[in-house]
Amino acid sequence: MVPLIRNITLSFSLLFGTIAACDALRPIVLVHGLKADFYDMKPIERHIRKHLSRDVYIKNVKLGFGKYTSFSNMYHQVEWLRHELANDPRLKNGCNIIAHSQGGLVTRYFIERYNYP
């Protein structure tokens, strides 16, 4: 009886360990905030790479054409985010998004409107 319990426990450990490992490798998307751009999120990207596996895919999105694009209409910013995410095949199975300041608002609008990937 004990070997059966040990095998069941081992199976559950492997199953949940595999799920946790898959979730840990889910791609990360970085979204910048107001008066910021792709380059302002580089320190955060380096910090994540330092503390997580090198195998994690990190996409640092470019919303618009520079720092002052963040003053544009929210609808346009969401469309830029949608375009960035939809055109990246590595994100087709979902991602974790880390957004700063206004990037959080853009991300929330994106999720409410599209929720893809």
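Visitor: How many salt bridges does a search of the whole structure find?

Guide: The search finds seven. A salt bridge here is a side-chain nitrogen of Lys or Arg within 4 Å of a carboxyl oxygen of Asp or Glu. This is a predicted model, where local features need pLDDT of at least 70, side-chain atom pairs count only at pLDDT 80 or more, and totals for chains, interfaces and linings use all residues. Residues are numbered from 1 along each chain as its sequence is written, and side-chain values use heavy atoms, leaving out hydrogens and water.

Visitor: What makes K59 and E84 a salt bridge?

Guide: Their closest N and O atoms are 3.4 Å apart, and the limit is 4 Å, so the pair qualifies. K59 sits in strand β2 (residues 58-60) and E84 in helix α3 (residues 74-86), 25 residues apart. Helices (H or I, at least four residues) and strands (E, at least two) are DSSP runs, numbered from the N terminus.

Visitor: Why is K59 called buried?

Guide: Buried means under 20% relative accessible area, exposed over 50%, and partly exposed in between (1.4 Å probe, protein chains only). K59 has 15%, so K59 is buried.
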